[in-house]
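Welcome! Take a moment to look over the sequence and the 3D structure before reading on.

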Amino acid sequence: MQMTSTSTKPRRSLPLWVWSLFSLLLVLLVWYVFTDVFKLYPPYQLPSPQMVAGEFYYGFFGKSPDGQLGLAVLGSLKRVALGYVVALVLGGVVGIVLSLSEALRFTVGSWLTAIQSVPSIAFVPLAILWFGLNEKAVYFVVILEGFIPIALAVSSALRNVPPNLVTAGRTLGARGLALYTRVLLPASVPSLTTALRTAWSFSWRALIGAELLTANPGLGQILETGRNVANISLVLVAILIVGVVGGLFDMLIRGFETRVRRNYGLEVVK
Amino acid sequence: MTASLYNPRASAQTLIHTEPVLKLENVGYTYAHGAQMKAALEPLNLNIRRGEFVCVVGPSGSGKSTLLSLLAGFLEPQQGQILLEGRPLSGPNAGQTLVQQEAALFPWRTVRGNVEFGLEQKRVPRNERKKKALETLELVGLLEYAERRVHELSGGQRQRVSIARGLALEPSLLLLDEPFSALDVSTREKLGLELLELWKRTGTTILFVTHHLDEALKLGQRVIALREGVMVLEGESASITEAQLRALL
């Protein structure tokens, strides 16, 4: 009997980063074709990739005051870092308090959920009226957006810790604060890493929205400047930086999340 | 001592010559079941001597879990009192450590970190803690796994770590709640023998809860049978047969 060959060598698929690079090049190619080959849109509506690259270079390496992109990125990162850290601490404390009381979860927890559904940009006018057109207003919006997902996640994660872990902790002598710090909080970490990403994403988006209305160097302010001077290349550069920075930090936190999940045995190392 | 149908006075008399580690004096517990009250554990008198290996056996709903929760300090007796080392029991305590059905190891800690947990709560110095943890892991045959993550272990190994975690505290009483029930038959038997060996080497007082009659008779020096919250039999395992237990339960 003639055997048909069914045994095939395992096909080596390309690494994911190659696919990412390929997709990026494809987008650039399509963009180039639209703007430079077919010239479908005028440059003031859709600038070419070269124009945006030029604006990018000029923004980072041009002479001051035009070398403003670097300062803007640093300004935004400083604000989001501080706001994010405050949001984590505040969210952690509020989350722990919420986990202790059903009445608080029903009242304060519900309010927080409602506030979370309001787009962050809606709080910017309120922040300006309360704090003025300054950094405080920006921090207010960033912290507000970051702390709510953390508070809700901490509260939920603490209540969902497997009871057998709590029993083990108690029978081994952990009680009161030690039970929280040695059992409940460490057991909640995998759930909290997801909340860290959500909080980062909310804080970052809120920051850009709030910076649109402030005068201090920041990516949001660059977007506003680009709109004011009708420099669409600058607007696109700012959008790209916001996306890339946001994506990089998301990737960083995702890496941390994966590591935590592997350490906890929740994810298998491939 | 011979097996006898439960008679509180008789059992108290038989053990009176030895000072008990654990003493239950008329301990009872009743659950509210809707508007009705259901006695989960009828008033019970029991003494457990130091170094004894006692098995509690009974079907589901017999009061085993209630008894264990009372002894672990998670429930307070509604009547009577429990004395551990002559003192009334007050809440969960490293003096009476519970090993649960599932190993319930802390996944954020290594194997050694898990064994050290209770010692940390007792504020044992770091070096001493590490030494004790490694000694205990050696005792359960897992020394080479000390720095591994707990998810890298098999079910049987996890349960051994869980037992080591309890043993490291040198408790007055080690409570085991059907610790091998989630394991396959051969692993269960193997771990049972290992537990016996551990008991012989450490002299720890053990109260082992199971619903497997053969396991209770094989492991325990003394067997206590519960049915519907009542102790229906208590005696040396050597003088009890499985058929006798089966007839009662």
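This is a predicted model: local features need pLDDT of at least 70, side-chain atom pairs count only at pLDDT 80 or more; totals for chains, interfaces and linings use all residues.

Residues are numbered from 1 along each chain as its sequence is written, and chains are lettered from A and ligands numbered from 1 in the order in which they are written.

Chain A has ten helices and zero strands; helices (H or I, at least four residues) and strands (E, at least two) are DSSP runs, numbered from the N terminus.

| Property of chain A | Value |
|---|---|
| Box filled by C-alpha atoms, along the principal axes | roughly 85 × 70 × 30 Å |
| Radius of gyration, over C-alpha atoms | 24 Å |

A compact globule of 270 residues would have a radius of gyration near 18 Å, by the rule of 2.2 Å times the number of residues to the power 0.38.

Helix 4 of chain A covers residues 102-116. Its 15 residues should span 21 Å at 1.5 Å a residue, and its end C-alpha atoms are 20 Å apart, which agrees; the expected span is 1.5 Å times one less than the number of residues. This helix 4 bends by about 30° at A:Gly109, the bend being the angle between axes fitted to the seven residues ending there and the seven starting there.

Finally, the contact with chain B takes 15 residues from chain A and 19 residues from chain B, where two residues are in contact if their C-beta atoms, placed from the backbone, lie within 7 Å. On the chain A side, helix 7 (163-171) and helix 8 (177-211) each supply at least two residues. The largest share, six residues, comes from helix 7 of chain A.
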